[in-house]
Amino acid sequence: MTFVWDFSAVLQNYQVLLKGVAMTAFLWAIAFPASMLIGFVIALGTGSRNKLLSAPGRVYVEVFRNTPVMIQLIWFFYAFPILTGHQLTPLVAALAGLILNASAYCSEIFRGGMKSVPTGQWEGARALGMSHSQALRRIIVPQVFSRMLPAFTNRGIELAKNTSIASVIAVQELMYQGRALSSAFYRPLEILTAVAVIYFVVIYPGSYAASRLEKRFALRA
Amino acid sequence: MHYEWDFGAVWEYRQMLLSGVIGTMKIAAVAILVGVVIGALLATMRLSGKRWLSWPALWFTEFYRNTPPLVHFFWAFYALPLVLGVSLDPYAAAVIALSTQSGAFYAEVFRGGVISIERGQWEGARALGMQGPAVLRRVILPQAAQRMLPPFMERSFELIKTTSLASTLAYSDLLYQAMQVNSITFRPLEVYTVIAGIFFITLLVLSLLAHGVEFRLTRAMHTSAG
């Protein structure tokens, strides 16, 4: 069989794909900072010695890390509204699923980072008369920040890839637009290949940066 | 709002969910096996030291690692048949998508494990008169395998979670079957909570087992090293 490539469907509809990219970027730009913030709060719980704080945090982390993101998004869109009596829009359901999932992973990065600081640093800060929160802010966080950077970059990449799952609940991001175009023009090979290449072009620089950062910190350590 | 939970409806269709569990296990198992083969092949190509082998392997790996799994599924199902000239059923497309993407990640795990072994080990083995493949098989891989195990397990758990994307191709995995049960019973809350629970318990048990194996391996290595 000889297949004749024809990218005209892609080129004529580049604006549709571009709108998809914008939505993908929007999902990521909201979900990533929110996940870091929530992840940090959860890490304060899971990292604490108080069982009442750490136990619920652990349950949260394990639940979201041990179930598929796809099921989490579907759950928020189809199941959660029944519990609350409130129908969520696809966008809100997608953001809720993505944020809760990514925040569980982010909290583990924070916890790992904070645990990696030798206890001497804590003791030193205490000896200087700092309170727990002062020590955290002035001594611990600045040191672990650079160590956590590659892990966060990787998490950002995973999140960017996960945004494509939002297409399943009809959020009109890149994957959704690509599928809509390919069924409208019967050109799945060209259109889906173009979608894959667009994702690669958007995501690869982040991934490259992460590997560079990892090498740099590995050399320093 | 008060909601009356009713798992009876889900229980009534347990056979459908069970066949979904089997569908999920089937593609997960096949994709892990095929993925390991692809991963080993890619890792060998990248470690070969020959540019014409390592470059294609590098870009194949990078491409799969930096594009969403869902794209691979749609591509394998709708686009790949046009390239091959044969149509693929959802099962075949799902296995192709899962095993190529996990192969790309496994390749990095294998390569990372091999290059983490100090050069002295290679030199020592050569000094004892061993040839290339024998060094790899008898000296490097036994040591590297232990380091590969944790990331390998982690990647395989990711793969198990990713199988749920196969439902978008109408492959009857657990999620797809749950959607069918939901369309009969109109009980999305119970149905989706149950399948999330099934994934949660399975993965939690598997990761506890994996930790147990890792722990015993590390201890065995330490005791044998004296």
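This is a predicted model: local features need pLDDT of at least 70, side-chain atom pairs count only at pLDDT 80 or more; totals for chains, interfaces and linings use all residues.
H2 of chain A covers residues 14-46, which is 33 residues. From first C-alpha to last, H2 reaches 46 Å, close to the 48 Å expected at 1.5 Å a residue.

Now please turn to helix H7 of chain A, residues 132-162. A straight helix of 31 residues would span 45 Å, yet H7 spans only 36 Å between its end C-alpha atoms. Where does H7(A) kink? At Val141(A), by about 45 degrees, shortly before the proline Pro142(A). H7(A) has its own buried residues, among them Val144(A), Pro150(A), Phe152(A) and Arg155(A). Towards the end of that list you will find Leu159(A), Ala160(A), Lys161(A) and Asn162(A), which are buried too.

Let's step back to the whole chain. Chain A has 9 helices and 0 strands. Its C-alpha atoms fill a box of roughly 75 × 50 × 30 Å along the principal axes. Of its 221 residues, 38% are buried. Taking contacts in chain A with a separation of 6 or more, 74% are between residues 24 or more positions apart.

Chain B, for its part, also shows 9 helices and 0 strands, and its C-alpha box is roughly 75 × 50 × 30 Å. Chain B has 226 residues, with 38% of them counted as buried.

So how do the two chains meet? On one side there are 35 residues of chain A, in contact with 33 residues of chain B. In chain A, helices H3 (51-65), H4 (69-84), H8 (174-185) and H9 (188-220) each supply at least two residues of that side. The largest share, 11 residues, comes from H9(A). By class, the side of chain A that touches chain B has 24 nonpolar, 8 polar and 3 charged residues.

Notes. Residues are numbered from 1 along each chain as its sequence is written. Chains are lettered from A and ligands numbered from 1 in the order in which they are written. Two residues are in contact if their C-beta atoms, placed from the backbone, lie within 7 Å. Helices (H or I, at least four residues) and strands (E, at least two) are DSSP runs, numbered from the N terminus. Ala, Val, Leu, Ile, Met, Phe, Trp, Tyr, Cys and Pro count as nonpolar, Asp, Glu, Lys and Arg as charged, and the others, Gly among them, as polar. A residue is buried if 20 or more other C-beta atoms lie within 10 Å of its own, exposed if 12 or fewer, and partly exposed in between; C-beta atoms are placed from the backbone. The expected span of a helix is 1.5 Å times one less than its number of residues. The bend at a residue is the angle between axes fitted to the seven residues ending there and the seven starting there.
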